[in-house]
Amino acid sequence: MSKEITPRSDDYSQWYIDLVRKAGLADYSAVKGCMVIKPYGFGIWENMRDALDRMFKDTGHVNAYFPLFIPKSFLSKEAAHIEGFAKECAVVTHYRLKNAEDGSGVIVDPDAKLEEELIVRPTSETIIWNTYRDWIQSYRDLPLLINQWANVVRWEMRTRLFLRTAEFLWQEGHTAHASKEEAEQEARTMLDVYADFAENWMALPVIKGVKTENERFAGAVDTYCIEALMQDGWALQAGTSHFLGQNFAKAFDVQFSTKDNTLEYVWATSWGVSTRLMGALVMAHSDDEGLVLPPRLAPTQVVIVPIPKPLPELEDIAQKIASDLKGLGIRVKIDTDDQNRPGYKFAEYEKLGIPVRLGLGKRDLENGTIEVARRDTKEKSSVAIDGIAQHIAGLLDEIQQNMFNRALAFRNEHTTSVDTWDEFVHVLETKRGFISAHWDGTSETETAIKEQTKATIRCIPLDAVEEDGACILTGKPSKRRVLFARAY
RNA sequence: CGGGGUGUAGCGUAGCCCGGUUAGCGCGUCUGCUUUGGGAGCAGAAGGUCGCAGGUUCGAAUCCUGCCACCCCGACCA
């Protein structure tokens, strides 16, 4: 049991905060609502970013970068879009400071007021579509498949490290297509990429679905999402992909000449995942001792702890094992620190979530073995040093798979089908998790359910089967079940 | 923006009601020695504008006034 981290059973929310801070992922900053991502946390994010970036490139996308600042007038061009973001925009009004005459410090120079105020991007659709107008003339210019890695600002009232901060890092893909079908396909393809990443890299099972009107992205025709379940039974949206129709093309007048020499508006998508994934990663897998990281994202996958005594042979063996592991592409670290004792180190590496720890001491030297401790199950075993690298490589795969299986089992156990309002409320209060239930398809009903229970419709699963039923609240007819949950 | 709470060393805190030694303790840090297979022991040391600004008083961490910051709970949101 960690001495520093509040147990999940005492206070789940505090456990999360303790973990993020004590494991060195992030810290509060001098700016309210903004965080400092520390090297260890950033290392995990870099691994996520690199994997996603490869997947984007493999699906034909290229990276570019657009400005942080957006002219205010751009944001008012798409009515629904601005409505979604207006309340949380940071605005730049001046471009110069000067020394206060009374010597009290610097003040904003009132003579340096901008003619048109600039908005710090909450998302980049507007500035990008304003640019695309110049880039797209012909069907030959399409499709345009661009992604950008960037920071965005949404001025949130209440923030939580990684899950909701005023500034966060993300990627946003913005694509333009000649046909509706192709754009819809793109939105679905990127949703698949996100699901693939979540499941195979983060070991996080997700449900692919489409958002209801209430939860849809401002300015989108359809919003697709991947939804994950956290250990406290709350849902977390891990990624979104939007089919934007021709909304932004019309707002920014982006037309192209077709093969038939007619002029048409282009079809658009946008899609993104953010540092929020860090929060999902922590809340899906970790325990009261600390982080539990999936091997594919762990900055360090294996740590070797020589149990110190002045034994130079240990160092040599550790180096040899590390070298073999590196040869297999495994990220390994040897702990050469001789100040802290092994017990302290064990606890420390558990807190950091390093998937495999190798303990190497005098006893092992005599037996030709090494102690292998896996983080996900906390099991320890003694393994022959001969052939250890191959063994570890296999073990890392096994841990990755086990973490996914465990999270999937948890989600299955916490997904409940209900057919009555009483059941719905009862499950929500006791067991939590996803609740699969019928809904009459109206925003009014969804809003009423949210007001009464705080539960929202996370998505209409893409694989939902046609099934006649009655809405749990109104009793009106329904054609398929949707997924409800309380959500972050 | 409403309601509640907290500001004392890097971190966590005692003291505050009821003003009065040099502001105490734990963790961490530094030095030395002994240790090292699950969060080491002993000895010594350094480290403080008690959130900020006024006021009351012979005397303020403590009482009064104002301000600031952050946290928690709501409304809003990925």
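Five bridges join β20 to strand β21 (residues 380-384), and the two strands run antiparallel. This pairing is taken from a predicted model. Within it, Ser 382 of β21 stands opposite Glu 371. β20 and β21 form a hairpin, with five residues between the strands. Lys 378 lies in the turn and has a positive phi of about 65 degrees.

On its other pairing, β20 meets strand β19 (residues 356-360). Four bridges join these strands, which also run antiparallel. Arg 374 in β20 is the bridge partner of Val 356. Gly 359 stands opposite Glu 371 in β20. Strand β20 spans residues 369-374, and five of its six residues are buried, so the strand is largely enclosed by the rest of the structure.

These strands belong to an open sheet of five strands. The order is β18-β17-β19-β20-β21, and the pairing is mixed. β18 (332-334) and β21 stand at the edges. Each has a single partner strand, so one side of each is left without a neighbour in the sheet. Neighbouring strands are turned by 25 degrees against each other on average, direction ignored.

Two helices accompany the sheet. Helix α10 (residues 342-352) lies across β17 (302-306), β18 and β19. Helix α10 runs at about 175 degrees to β17. Helix α12 (residues 388-413) packs on the sheet and touches β17, β19, β20 and β21. The direction of α12 makes about 10 degrees with that of β20.

A helix pair was examined next. The axes of helix α2 (residues 39-58) and helix α8 (residues 276-285) come within 10 Å. They cross at roughly 105 degrees, which makes α2 roughly perpendicular to α8. From α2, the contact involves Gly 41, Ile 44, Trp 45 and Met 48. These meet Leu 277, Met 278 and Leu 281 in α8. By class, the contact of α2 with α8 has six nonpolar residues, one polar residue and no charged residues.

At the level of the chain, the domain assignment of chain A gives three entries: domain 1 (12-285), domain 2 (304-393) and domain 3 (415-485). The centres of domain 1 and domain 3, taken over C-alpha atoms, are separated by 29 Å. The contact between these domains takes 21 residues from domain 1 and 16 residues from domain 3.

Methods:
Residues numbered from 1 in each chain as written. Chains lettered and ligands numbered in written order. Predicted model: local features only at pLDDT ≥ 70, side-chain atom pairs only at ≥ 80, totals over all residues. Heavy atoms only, no water. Buried < 20%, exposed > 50% of the residue type's maximum accessible area, 1.4 Å probe, protein only. Pairing = 2+ DSSP bridges. Axes fitted to C-alpha atoms, helices over the stretch in contact; angles between N-to-C directions. Parallel < 35°, antiparallel > 145°, perpendicular 65-115°, else oblique. Contact = heavy atoms within 4.5 Å. Nonpolar A, V, L, I, M, F, W, Y, C, P; charged D, E, K, R; others polar. Domains from an automatic or database assignment.
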